[in-house]
Amino acid sequence: MAKKAMIEREKKRERLVKKYAAKRAALLATANDREKPMEERFKARLKLAELPRNSSAVRLHNRCQLTGRPHAYYRKLKISRIALRDLGSAGLIPGMVKSSW
């Protein structure tokens with residue numbers, strides 16, 4: 001199980017990304033628009049730099065919903081391989097059988 005602080009930090013980042021998504025997208029559109037004057041584009045970049053760093057979607061990291069594990073994460077299921085194996089062995093995932101030969 002991951003540390004509680006790491007899981008909470010990731011949740012905080014998700015909230016910040018959601019909160020600033022529209023503002024960040026508008027500033028990025030202004031900053032990347034070649035039709036606008038250079039001064040306006042530069043001001044948009046400065047305002048973008050003033051936003052919290054954790055409001056950037058790049059800083060998010062996928063974590064297992066059950067254990068908080070950051071590695072071996074299945075995006076489709078939103079859980080790690082270890083949690084998937086445990087659930088499969090317990091018979092909680094329909095159609096999944098532990099193979100043996």
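**Figure 1. Read from one end of the sequence to the other, the chain follows the pattern α-α-β-β-α.** The secondary structure comes to three helices and two strands, where helices (H or I, at least four residues) and strands (E, at least two) are DSSP runs numbered from the N terminus. This is a predicted model, in which local features need pLDDT of at least 70 and side-chain atom pairs count only at pLDDT 80 or more, while totals for chains, interfaces and linings use all residues. Residues are numbered from 1 along each chain as its sequence is written, and side-chain values use heavy atoms, with hydrogens and water left out.

**Figure 2. The C-alpha trace of the chain spans about 65 × 30 × 20 Å along its principal axes.** The chain has a radius of gyration of 20 Å, whereas a compact globule of 101 residues would have one near 13 Å; the radius is taken over C-alpha atoms, and the globule rule is 2.2 Å times the number of residues to the power 0.38. Of the 101 residues, 26% count as buried, a word that here means under 20% relative accessible area, with exposed meaning over 50% and partly exposed in between (1.4 Å probe, protein chains only).

**Figure 3. In this view, lysine 4 and glutamate 8 meet through their side chains in a salt bridge (3.9 Å, N to O).** A salt bridge is a side-chain nitrogen of Lys or Arg within 4 Å of a carboxyl oxygen of Asp or Glu, and by this rule the count comes to four. Lysine 4 and glutamate 8 are separated by about one helical turn because they stand four residues apart in helix α1 (residues 4-32). Lysine 4 counts as exposed, at 62% relative accessibility, and glutamate 8 counts as partly exposed, at 34%.

**Figure 4. Glutamate 8 also forms a salt bridge with lysine 11 through their side chains (3.5 Å, N to O).** Both residues lie in helix α1, three residues apart, which is about one turn of the helix. At 39% relative accessibility, lysine 11 counts as partly exposed.

**Figure 5. The side chains of glutamate 10 and arginine 13 are joined by a salt bridge (3.4 Å, N to O).** Glutamate 10 is buried, with a relative accessible area of 5%, and arginine 13 is likewise buried, with 16%. These two residues are three apart in helix α1, about one turn of the helix. Elsewhere, salt bridges that share partners join Lys4, Glu8 and Lys11 into one network.
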